[in-house]
Amino acid sequence: MGQPGRTPTTWKTYLLPLLLYGALTAVMTFPLVVYFGKRIIGEPYDATMFVWNMWWFKHALFGLHTYPFYTDYIFYPEGVNLYLQTLCLFKVFVSIPLQYFLSIIVTYNLMVFVTFVGSGFTGYLLGRYLIRDAFGAFICGVIFAFSTFRLVHCLGHLNLISTEWIPLFVLFLIKLLRRPTWSAALLTGLFFLLVALSSWYLATGCVILGAVVVVWHLVRGKVRWRHIGYLALAGALSGVLLMPLMVPMVRIVLSGEQPVVGMTAQDQVHYSMDLASPFIFSPRHFLFGQVAQEVYNNRMSGVGLERDSYVGFVAIILSFIAVRRLKKVTWLWIWCGAVFFILALGPYLSVFGHWRVPLIQAIPLPYLALHNIPIFSAARIPGRFIVFVTLALAVLAGYGVRYILRRHSVYSQRRYRFWCVSALTVLICAEGAILPYPTARIGISEFYRSIARDPASYSILDLPFEPGFSFYHYYQIYHGKKIIYGHIARTPYQLLREKQERFYVSQQYDHEQPEKNLEFLRRFIHGMRQADGRYIVIHKEVTTPHQMALLGTFLSDAALWGQSDHPQPPEQCFEDQYLIVYQFIP
């Protein structure tokens, strides 16, 4: 991959790292390569929402010939806007032609696979430009692509792992500030656009990162008026192209049609990074996961995937070497890492789960001031800024590798450089590895295949009715019928409340309160008739024994149904290992 300090350009310069990142991705996501067409990578709850996004846009545009940002295929018959949905739009549009040749499972897995290869390769390109050393650049890409943040959020957040455009945005922004040209400005704007079409979280981080980079160059006296013009061009390009998305989003929020209510600062503490968590392995780690889980359960706060912020000791050590020995070229990345580290800590400092201290109650941090800005209060999860800390560490670590390979004569021979970088790669990957990586096989009932052949138009009610269930969408890909319930990232509260009042059996039905039950049943029947509901589908895999008994009692309570204007209870018409299905005849 070239001599240290030199950057010869041959086919190996780009193709070899690309192939290596592909091979590492196959290892780090194993056994995905074995089940590429049979299982979805990650866990089904959030991942299936992104699978449905891909299917829906293709179905809406080329099947129904309708506007894809509105759908009544979920939350039928009211429907819902999808502007505030977590769409990962760039990959959605890329997936459309692929779906004509590949199954939806292969298409989704391929999109995920590409984020690892792409993040590694673009991290390598950024490192190659800054570090001027191929081996250091390669390590830069490895740290960024296979960070704990990305490996953990790969379980279901396609938008958050679509980080492959961030290094290119930074790369061309720095090029623009060093030597302003039209091409650098256009490419800076283009890559920011691609970041925004992947994730609004990542786009917000890129705005902050870009500001830090520009201020850094401004303080050093390297920003002139001509730079400002080219920066304005980059901003105008991305802004104009994002207008068709941003204007409807703002209109929807301001109109109250789909209000976005951010968390309080106290709530955001639980979605912020604990000061100790960057130094604690993920609870999902293949080797130290059980120990880490005990630490998190007993000493740490945080919610789900958002609490995993481990950055890796190899990256820290290499970065420390770079900071000590190459201060002149590393200051920018020290500041970038520090800014995002502080932001990721959230509004109040939390150490081993404790954020309230005697006398002052809590130690406020800069994010508390930003919390009142709408974009930050709506973002809700400060801990996700750790991905930008990882990028800063990746660049610093690359500089550290360059220093080591140049400083010690033992590494002057090519084979020693190769083995040194290989060992570092293994250690970095081992620090974040989740092996075997979770994959989900979602069984498709024969019932869905049978109603897919039915040309009649009607809807389905999926139970149990639990807020946050998105895998019901996934089954729609196979049966094609509209569903009465649904889930999007920011469901309109009024719509969700109405659905709960009509269909949330576990919450509304109580066999000890017959008057309350009759009122609920009337709402239930009215909702089914309004939606032209034909089938009530109970999903065995996610229904607890208590819920199953409650649903069975409610749907077969002849005495209760006899008091309504629909005296005939639904009849069970199908059952297999996945489902129990009742037919509702309006």
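**A chat about Val 106 and its chain**

Q: Where does Val 106 sit?
A: Val 106 is in helix H4, which covers residues 104-131. Keep in mind that this is a predicted model.

Q: Is Val 106 buried or exposed?
A: Val 106 counts as buried, because its relative accessibility is 18% and the cut-off for buried is under 20%.

Q: Which residues does Val 106 touch, leaving out those up to four places away in sequence?
A: Phe 36 and Gly 37.

Q: And Tyr 35, how far apart are Val 106 and Tyr 35?
A: In sequence, 71 residues. In space, 9.3 Å from C-alpha to C-alpha.

Q: Let's zoom out. How many helices and strands does the protein chain have?
A: The protein chain has 25 helices and eleven strands.

Q: What does the radius of gyration say?
A: The protein chain has 26 Å. A compact globule of 586 residues would be near 25 Å, so the two agree.

Q: What about the spans along the principal axes?
A: The C-alpha trace spans about 90 × 55 × 50 Å.

Q: How much of the chain is buried?
A: Buried residues make up 57% of the 586.

Q: And contacts, what share comes from residues 24 or more positions apart?
A: They account for 76% of the contacts with a separation of 6 or more.

Q: New topic: the surface. What is the accessible area?
A: It comes to about 25000 Å² for the protein chain. Carbon and sulfur atoms hold 62% of that.

Q: How many charged side chains, positive and negative?
A: There are 48 positive and 30 negative side chains. The centres of the two sets lie 25 Å apart.

Terms used: Residues are numbered from 1 along each chain as its sequence is written. This is a predicted model: local features need pLDDT of at least 70, side-chain atom pairs count only at pLDDT 80 or more; totals for chains, interfaces and linings use all residues. Side-chain values use heavy atoms; hydrogens and water are left out. Helices (H or I, at least four residues) and strands (E, at least two) are DSSP runs, numbered from the N terminus. The radius of gyration is taken over C-alpha atoms; the globule rule is 2.2 Å times the number of residues to the power 0.38. Buried means under 20% relative accessible area, exposed over 50%, partly exposed in between (1.4 Å probe, protein chains only). Contact means heavy atoms within 4.5 Å. Accessible areas come from the Shrake-Rupley method with a 1.4 Å probe; for residues, only the protein chains shown count as cover. Lys and Arg count as positive and Asp and Glu as negative; His and the chain ends are not counted. The place of a charge is taken as NZ of Lys, CZ of Arg, CG of Asp or CD of Glu.
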